[in-house]
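Subject: Structure for you to look at

Hello,

Here is the structure I said I would pass on. Please open it first, then read my notes below it.

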Amino acid sequence: MTNDDLLLEVENLRTHYFLDEGTVRAVDGVDFVIKRGQTLGVVGESGCGKSVTARSVLRIVPKPGRIVEGQITFHRQVRKDGGATTTELINLTALDPMGPVMRSLRGKEMTLVPQEPMASLSPVHTIGDQIGEAIILHQKVSKAEARAKTIEILDLVGFPQPKQRVDSYPHQLSGGLRQRAVIAMALSCHPSLLIADEPTTALDVTTEAQILKLMRSLQRDLGMAIMYITHNLGVVAQMTERVIVMYMGKVVEEADVDDIFHDAKHPYTASLLRSIPRLGIKTSEQRRLETIRGTVPDPYSIPKGCPFHPRCI
């Protein structure tokens, strides 16, 4: 793998929350890389640090949380006047989260598709205005040009009648269309990295299948990398090429998707795989679903060594 293949490098990332009750080590020494055009799956139980890792990359960790250690390096490709392309290394952890450089990257080079679109869309602005605002901010175009680009991107994500629906408010759309609107906003500036934080959790299975198919198609067309955060191992098998498994803020296993499913090394990964419901079990073989024994440790007193060892079979 050459430096030209790399898009994002995360090294020894630690993001902690300093609360009155104690320190929560939400991300505690995470390492991974994402290559250009690659889909990286990030899996684990709720509260294992998946979303905080994504927010750390985007530098939008809410207070009282902050990055206390580690480095996040973004490999941005810059086209010079002569037409040649060069790679610029940007240390995201050294930037002011609200500074001009980070703001120019966030929303343009790196974008986020959140889990619940109604929580991220303004209820008092049309989806056209909200998508157009991102386009105007990063592409320096007129309102008329931004509106035309908005209709174009809505059409790209499969929005029915985009010229009419561009003036709709979020509450006038179904859950699937709201999610498509959020994806359209994330893709409006053709990012190099799309971070999808459980983007289909709130959708029914039919709409989920449509959204996943859409994301794979757009990835092929735009050549972007995707960091796909989920607890659904079925989606991981369908969407990703490489997987990291997180538990209590740590990466406990990293491998290609085929190795994760057929040759899991860590007991936690094996336990997650045993918990998947399986079709085709005969009546005589019916039994309760496998569960992971024990409970997630108290975040203020994580066990030493492997944090999963108290629950290990």
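Start with the pair of strands β9 (residues 242-247) and β10 (residues 250-256), which are antiparallel and share six bridges. Strands here are DSSP E runs of at least two residues, helices are H or I runs of at least four, and both are numbered from the N terminus; two strands pair if DSSP finds at least two bridges between them. V245 has E253 in β10 as its bridge partner. Two residues separate β9 from β10 in this hairpin, and M248 in the turn has a positive phi of about 50°.

This is a predicted model, in which local features need pLDDT of at least 70 and side-chain atom pairs count only at pLDDT 80 or more, while totals for chains, interfaces and linings use all residues. Residues are numbered from 1 along each chain as its sequence is written, and side-chain values use heavy atoms, with hydrogens and water left out.

There is also an open sheet of four strands, in the order β2-β1-β4-β5, with antiparallel pairing. Its edge strands, β2 (22-35) and β5 (85-91), each pair on one side only. Between β1 (residues 6-19) and β2 there are 11 bridges, and L8 is partnered with I34 in β2.

Last, helix α6 (residues 175-187): 11 of its 13 residues are buried, so the helix is largely enclosed by the rest of the structure. Buried means under 20% relative accessible area, exposed over 50%, and partly exposed in between (1.4 Å probe, protein chains only). Among the buried residues are L177, R178 and I183.

Regards
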